[in-house]
Amino acid sequence: MTETHAPETHATDTHARPRRRRRRILRITLLLVAVLILGAAGAGWWTYSHLNGNIDSVDLDQAIGDNRPAKVVANAQNILVLGSDSRAGANGDLDHGSVSGARSDTAMLVHIPEGRARATAVSIPRDTLITRPECKDRDGKSVPSAKRVMFNSVYSLAGPACVVNTVEQMSGVRVDHFVEVDFAGFKGLVDALGGVTVTLDRPMSGAKGGLKLDAGTHRLNGADSLKFVRTRYGYGDGSDLGRIGLQQQFMLAMLAEIKKQDVLGNPARLYKLADAGTKSLTTDSDLASLTALSDFAQSMKGVNPETMETIMLPVAYDKVDPNRVVVAEPQATQLWDALRKDEKVPASAKDSPAKG
């Protein structure tokens with residue numbers, strides 16, 4: 001009798017197929033994870049490179065040389081903040097684009113004491129007659145010293161490094177860093193924040209194409225914010241000194257908005273703000289990277305805009321040209337001495353004969 005055997009089923013084949021399927025799924029999963037990781041890394045590198053590439057820089061030590069004040073208090077910081085009214089590039093469409101050239105429309109020396117819990121911002125009136133030191137211009141050519149030149153003409157003639165040199169020579173204060181933001185960058189920063197809130201105690205008339213606002217609280221977008229900080233004839237006495245008050249008010253409002261939104265703790269909002277800001281940003285070479293700017297910003301987190309002191313450099317009306325002002329003494333010397341030594345600014349140093 002012949003035995004008939006059923007087809008043999010190997011247990012090894014039955015168990016092998018699920019194992020091969022699981023290994024294939026695992027390989028696909030690992031591949032997808034690898035792609036996602038590489039994609040995220042690539043996006044992160046692109047973001048970092050993109051923001052870094054936005055920043056222009058100037059090597060202050062190379063541009064100025066050795067003729068600089070000594071630093072008195074090691075851990076205190078002095079940052080010169082410039083608002084440039086260049087009409088080049090994207091700025092040409094903003095606010096009277098037919099005006100040629102470029103000037104430092106806003107200049108503030110921000111002193112941050114050791115401990116970095118507060119700050120003092122000193123605005124330098126653009127119409128101040130000063131002595132410009134010998135400088136190198138943007139092309140490295142020598143620019144001779146000159147007396148009784150307007151402060152804001154230094155930028156247009158010789159660039160930001162010469163402005164830093166001028167401030168250092170007139171104050172004796174070592175400038176650790178400088179940050180310059182032009183028109184388009186300023187507008188972009190405000191729009192990236194979603195606007196900034198300001199409060200007026202009197203109407204702004206909108207004279208000479210300026211902003212027209214009623215007294216009270218207003219939320220300003222980037223374009224209107226630019227008009228706000230440049231308003232001269234439509235508010236107060238119509239002088240450049242009066243405009244400084246608006247600029248200081250807006251700076252504090254903007255810092256308060258950044259703090260309120262916790263921008264440093266919100267990566268998406270921080271990127272949006274950084275992208276807008278770095279597109280029109282020029283700094284000294286020590287700050288000219290995303291890492292350096294981020295580290296510096298983090299170190300400033302303790303500074304509260306509500307306790308920030310804003311001061312105008314004491315000036316008096318010039319006796320020869322009443323449309324210009326000159327540095328008032330001894331108030332200015334008292335002010336600069338206090339900042340240089342990281343001391344409280346005395347009340348007498350804030351008394352400007354020309355009020356604005």
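Which residues have the most contacts inside the largest nonpolar core? They are Val196, Met204, Phe228 and Phe250, in a core of 41 residues. This is a predicted model, in which local features need pLDDT of at least 70, side-chain atom pairs count only at pLDDT 80 or more, and totals for chains, interfaces and linings use all residues. Residues are numbered from 1 along each chain as its sequence is written, and side-chain values use heavy atoms, with hydrogens and water left out.

**Chain overview**
- The chain holds 10 helices and 17 strands, taken as DSSP runs numbered from the N terminus (helices H or I, at least four residues; strands E, at least two).
- Of its 356 residues, 46% count as buried, that is, under 20% relative accessible area with a 1.4 Å probe, protein chains only.
- Accessible surface amounts to about 18500 Å², by the Shrake-Rupley method with a 1.4 Å probe; carbon and sulfur atoms supply 54% of this surface.
- Among contacts (heavy atoms within 4.5 Å) with a separation of 6 or more, 68% are between residues 24 or more positions apart.

**Nonpolar cores**
- A nonpolar core is a set of buried Ala, Val, Leu, Ile, Met, Phe, Trp, Tyr and Cys residues joined through side-chain atoms within 4.5 Å.
- The largest nonpolar core has 41 residues; elements giving two or more residues to this core include strand E3 (104–112), strand E10 (196–200) and helix H7 (240–260).
- Helix H5 contributes the most to this core, with 6 residues.
- Beyond its neighbours within four places in sequence, Val196 is in contact with Val190, His218, Arg219, Leu220, Phe250, Ala253 and Met254.
- Apart from this core lies another, of 35 residues, including Phe178, Leu335, Ala338 and Val345.

- The whole structure has 1 disulfide, defined as a pair of cysteine sulfur atoms within 2.5 Å.
- Cys135 is joined to Cys162 with an S to S distance of 2.1 Å, and the link is right-handed, with 75° about the S-S bond.
- Cys135 lies in strand E6 (residues 135–136) and Cys162 in helix H4, so the pair ties together parts 27 residues apart in sequence.
- Both ends are buried: Cys135 has a relative accessible area of 5%, and Cys162 has 1%.
- In H4, 10 of the 12 residues are buried.

**Helix H6**
- Buried residues of H6 (residues 222–230) are Gly222, Ser225, Leu226, Phe228, Val229 and Arg230.
- Asn221 caps the N-terminal end of H6, with a side-chain oxygen 3.3 Å from the backbone nitrogen of Ala223.

Definitions and conventions
Buried < 20%, exposed > 50% of the residue type's maximum accessible area, 1.4 Å probe, protein only. Polar contact = N/O pair within 3.5 Å; in protein donor to acceptor, adjacent residues only side chain to side chain.
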